[in-house]
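I opened this notebook to record, entry by entry, what I looked up in one model. The sequence and the coordinates come before the notes.

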Amino acid sequence: QVQLVESGGGLVQAGGSLRLTCAASGGTAHMGWFRQAPGKEREFVAAISWSARSTDLADSVKGRFTISRAIARNTVALQMNSLKTEDTAVYYCAAGSDWPIRSRQFVHYWGQGTQVTVSS
């Protein structure tokens, strides 16, 4: 049973940056981030394989977001730069055993979510 705990959300102005971190315990898996804005479906943002050799980013965040992994600490970070108001959402850490995990059907574990609000 993998447990995921996110941290790092908050309020930032458009154009600013935030860094989200997810700490995993209980096992190793491919990990990633999804987000859900009010009234919208939960959508894929980024993922990184358990070995950190492969990454996957949604088109909407390419060039602005970076995902990285500290294998020894079993943590994953999402560095978000040039934030836009449309990035406002609850961000969820996710983990799964099949790559890629950009499809929700491959996600087996979810974190509790952390709010990211980007103001104009």
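Which residues is T88 in contact with, leaving aside its neighbours within four places in sequence? I took contact to mean heavy atoms within 4.5 Å, and on that rule I found T88 touching A37, Q115, V116, T117 and V118.

**Entry: ground rules.** I note that this is a predicted model, in which local features need pLDDT of at least 70 and side-chain atom pairs count only at pLDDT 80 or more, while totals for chains, interfaces and linings use all residues. Residues are numbered from 1 along each chain as its sequence is written, and side-chain values use heavy atoms, with hydrogens and water left out.

**Entry: T88.** I located T88 in the loop between strand 8 and strand 9; here helices (H or I, at least four residues) and strands (E, at least two) are DSSP runs, numbered from the N terminus.

**Entry: strand 9.** I moved on to strand 9, where seven of the eight residues are buried. Two strands are taken to pair if DSSP finds at least two bridges between them. Strand 9 pairs with strand 4 in the antiparallel sense over seven bridges, and I picked out G32, whose bridge partner in strand 9 is A94. Strand 9 also pairs with strand 11, again antiparallel, over three bridges, and V90 has Q115 as its bridge partner in strand 11. With strand 10 (residues 109-110) the antiparallel pairing of strand 9 runs over two bridges, and there the bridge partner of A94 is W110.

**Entry: aromatic rings.** How many aromatic pairs does the model hold? I counted rings of Phe, Tyr and Trp (its six-membered ring) as paired if their centres lie within 6.5 Å, with planes under 30 degrees apart called stacked, over 60 edge-to-face and the rest tilted; by this rule the count comes to three. F34 and W110 form an edge-to-face pair, 5.1 Å centre to centre with 70° between the planes. F34 lies in strand 4 and W110 in strand 10, so this pair ties together parts that are 76 residues apart in sequence. F34 counts as buried at 1% relative accessibility, whereas W110, at 30%, counts as partly exposed. Y92 and W110 also form an edge-to-face pair, 6.4 Å centre to centre with 85° between the planes. Y92 lies in strand 9, so its pair with W110 in strand 10 ties together parts that are 18 residues apart in sequence. I noted that Y92 counts as buried, at 14% relative accessibility. Ring pairs link F34, F44, Y92 and W110 into a cluster.

**Entry: the open sheet and T75.** I next looked at an open sheet of four strands, which has the order 1-3-8-7 with antiparallel pairing. Strand 1 (3-7) and strand 7 are the edge strands, each pairing on one side only. Within this sheet, strand 3 and strand 8 pair in the antiparallel sense over six bridges, and T21 stands opposite A77 in strand 8. T75 lies in strand 8 and counts as buried, at 16% relative accessibility. Not counting residues up to four places away in sequence, T75 touches T21, C22, A23, S68, R69 and A70.

**Entry: the core.** Which residues touch the most other members of the largest nonpolar core? A nonpolar core is a set of buried Ala, Val, Leu, Ile, Met, Phe, Trp, Tyr and Cys residues joined through side-chain atoms within 4.5 Å. Of its 35 residues, W33, L78, M80 and Y91 touch the most other members. Among the elements that give two or more residues to this core are strand 4 (30-36), strand 8 (75-80) and strand 9 (89-96).

Conventions. Buried means under 20% relative accessible area, exposed over 50%, partly exposed in between (1.4 Å probe, protein chains only).
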